[in-house]
Amino acid sequence: MKARKFLEIFRKAIQEIYKKPTVFIVSAIFFAFIFSISLVGKKIAPFLQGSMSNVIWLTASLIILLGGGAFLLGGLLDLIKPKKNSRGFFYSGKQFWLRNFFILIMLWLLMLIGNGILFLFTRAMISFSPSFTISELGFKIIAFLIYFFWLIFFVIFFSFTNCYCVLHDLQLKQSIRRSFSLVKREYPATLSLWMVLFVLTFILNKIQGLFGDIILYVLVIPLSIAILTMFVALSEENK
């Protein structure tokens, strides 16, 4: 993908969400939903003294958040897509909810596997100590590289699974296959895209407190979804 086309993705993404303020409204509602769950968690925390109670609450919270996120994702992708034959936020959210939910679970498991690899690396370093030791800085650098390589050489290929699921009404296996195909064809552009999104998120995460959370959920997440959507749309045009 040429640099001009790559920059066009960001321009069109901003243009699309600017024309559709509903995107920010539903994102704000989702943020209020997450904030409410957080408040509930703080209220019931004193009653969750046992480890089993904590596990049950964390599992229930994860399922609720991923379920809500799956509904939001289906609706937002339909709202943002450049084609005019929109099904409507609630219709798409409901229609693609289950597929998006399984995709989010899959992505969460991939991140969990990455953490598991880091855990095994840490245990290995402890096992080899004191016959083989590295500095704290060296350990952090190696751990970062392990996780980074896991992301850019495997997880990245799932980047557009949700997009293909909703935009082309595909099943899970087909969505993954199409995402792999696109990333393989446009790997440098995909990696550059995620680098830009990472830097943007990293900078905005410096804004602490409730205001920072609002910016993340109401602005950054919808913009990121729009950018991924436009990436798929423009890449399809280039085929």
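**Burial and contacts in a predicted model**

Author: In this predicted model, isoleucine 9 is in contact with Met1, Ile227, Met230, Phe231 and Leu234, once neighbours within four places in sequence are set aside.

Reader: Which residues touch the most other members of the largest nonpolar core?

Author: Ile9, Leu76, Ile80, Phe160, Leu193 and Ile227 do so, within a core of 51 residues. Two or more residues each come from helices 1, 2, 3, 5, 7, 8, 9 and 10. Helix 10 supplies the largest share, 9 residues.

Reader: Why is lysine 81 called buried?

Author: Its relative accessibility is 6%, and the cut-off for burial is under 20%; lysine 81 therefore counts as buried. Lysine 81 lies in the loop between helix 3 and helix 4. Beyond four places in sequence, lysine 81 touches Glu16, Lys20, Ser86, Arg87, Leu167 and Thr229.

Reader: What makes the pairing of lysine 81 and aspartate 78 a polar contact?

Author: Their side chains are joined at 3.2 Å. The limit for a pair of N or O atoms is 3.5 Å, so the pair qualifies.

Reader: Which elements cover the buried residues of helix 5?

Author: Among them are helix 3, helix 4, helix 6, helix 7 and helix 8. The buried residues of helix 5 include Arg99, Asn100, Phe101, Leu110, Gly114 and Phe121.

How values were computed: Residues are numbered from 1 along each chain as its sequence is written. This is a predicted model: local features need pLDDT of at least 70, side-chain atom pairs count only at pLDDT 80 or more; totals for chains, interfaces and linings use all residues. Side-chain values use heavy atoms; hydrogens and water are left out. A nonpolar core is a set of buried Ala, Val, Leu, Ile, Met, Phe, Trp, Tyr and Cys residues joined through side-chain atoms within 4.5 Å. Buried means under 20% relative accessible area, exposed over 50%, partly exposed in between (1.4 Å probe, protein chains only). Helices (H or I, at least four residues) and strands (E, at least two) are DSSP runs, numbered from the N terminus. Contact means heavy atoms within 4.5 Å. A polar contact is a pair of N or O atoms within 3.5 Å; within protein, one must be able to donate a hydrogen and the other to accept it, and residues adjacent in sequence count only if both atoms are side-chain atoms.
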